[in-house]
Amino acid sequence: MFEYLNQSEVIRSIVTVGSMALFFVGLFGLLSQKHFIKIFISIAIMESAVFLFFIGNVFERDFTAPIMGEGYTNVAQMNDPIPHAMILTAIVIGMAVMALGVSMAIEYYKLTKNTDIDKMNEMRH
Amino acid sequence: MSIKRSLATTTISGFALSAAFVLTLLNLLLQNLPAHMHRAGDELLKLNADEGIANAVTTVVVYFRGFDTLGEIAVLFIASLGIGLMLGENERCEIKAESNFMLQTASRLLFPIITLYGIYVMVYGHLSPGGGFQGGVIIASGVLLLLISHKEYEVPHSLVVWLETFAGVAYVLIGLIGLLTLDVFLSNFLPHDIAQMGLLISGGIIPIIYILVGIKVGSEMSMIVQNLIKRQSNV
């Protein structure tokens, strides 16, 4: 009954639509929330949507992981290793940026006791 | 009609319009897709066999993009440095709650196993899924377990400084040796026979570099975690 779901194109389009929906959830949170920790969480959600999009879109049915070994030497039947490597880089950089941003938020809260981005007007006067 | 209500309808119709647009675009893309696309990774997978590394992702990260990985751990180092400068004060925060006996015993029991697993993931990064970044983060999670269970535990700072310096300097030195011997920065100057593929000692410099990356990531992540947990107490 659900055989058609088992094609690579269908799975890739499901991943694409789902990751775009997740991206827009994160974007909505980014635009609508006022608390800066919630804004960081929204940015993290958008990041994971991009990771899902890249990793899910290299999926091919009956392809193996890009790891060679005994009986796994047919490189034409292996998944593309480039998105995995790119997303590995992106995850590490995203983690570093997130940790630095959270520590800046902690410092800002320590100085001003304020978590609302609308009340961040220290530079104005 | 109140202004709030009209705003909500605008938002919803905007979302619906953009969703319809995206779906139309996707439909067009998917209908015009060739049966088997030629991917950039195919060429890399053919080149990957020359280096004698089983895991192609490791080859891409450490060898084809080795210079980018050097920049990436530099970014991680700068982030760690910034967090240390902002949060790493001399006065440490008193964690009020004493963690219970079972958490303390279990964390002491689990920490060597987590560290061993992290080292395994790090060392076998060129043969199986995993590698330096993943192994380093696993080791940092073990340190996090110790930090939340033992109030007085601190990451040994001199050891972390030594390990981080060693890993960073060794990475650059290996790259420079490649530059001197084979005229390319980070070239594979150690023997890398394709017959050795799948063995633990294979692939020349690639496993060595990934282990160095793992040491650096593990120490930096441990320091980030400690600085975020044991920050100054006046919040």
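Predicted model: local features only at pLDDT ≥ 70, side-chain atom pairs only at ≥ 80, totals over all residues.
The predictor assigns the complex an ipTM of 0.84. The pTM is likewise given as 0.84. For chain B, the mean pLDDT is 85. Of the residues in chain B, 89% reach 70 or more. Helix α5 (residues 101–123) of chain B has the highest mean pLDDT, at 94. Helix α2 (residues 40–51) of chain B has the lowest, at 76.

The size of an interface is often expressed as the accessible area lost when the parts come together. Here, chain B and chain A bury about 3,500 Å² between them. Carbon and sulfur atoms account for 78% of that area. Three residues stand out on the chain B side: Arg39(B), Leu45(B) and Met86(B) supply 16% of the area that chain B buries against chain A. Six helices of chain B each give two or more residues to the side that touches chain A: α1 (3–31), α2, α3 (56–64), α4 (66–87), α6 (132–149) and α8 (206–229). By class, this side of chain B has 30 nonpolar residues, 9 polar and 6 charged. In terms of contacts, 45 residues of chain B meet 36 residues of chain A.

Within chain A, Ala49(A) lies in helix α2 (residues 36–56). Its relative accessible area is 2%, so Ala49(A) counts as buried, the cut-off being under 20%. Beyond residues up to four places away in sequence, Ala49(A) touches Ser19(A), Leu22(A) and Phe23(A). Ala65(A) is 16 residues from Ala49(A) in sequence. In space, the C-alpha atoms of Ala49(A) and Ala65(A) are 22 Å apart.

Two loop residues have a positive phi. One is Asp62(A), in the loop between α2 and α3 (81–112) of chain A. Phi of Asp62(A) is near 65°, a positive value in a residue other than glycine. Asp62(A) is exposed because its relative accessible area, 62%, is over 50%. In chain B, Asp183(B) is found in the loop between α7 (157–182) and α8. Phi of Asp183(B) is near 70°, again a positive value in a residue other than glycine. With a relative accessible area of 64%, Asp183(B) is exposed.

Notes. Residues numbered from 1 in each chain as written. Chains lettered and ligands numbered in written order. Heavy atoms only, no water. Helix = DSSP H or I, 4+ residues; strand = E, 2+ residues; numbered from the N terminus. Buried < 20%, exposed > 50% of the residue type's maximum accessible area, 1.4 Å probe, protein only. Contact = heavy atoms within 4.5 Å. pLDDT = per-residue confidence, 0-100. Buried area = accessible area lost by both parts, 1.4 Å probe. Nonpolar A, V, L, I, M, F, W, Y, C, P; charged D, E, K, R; others polar.
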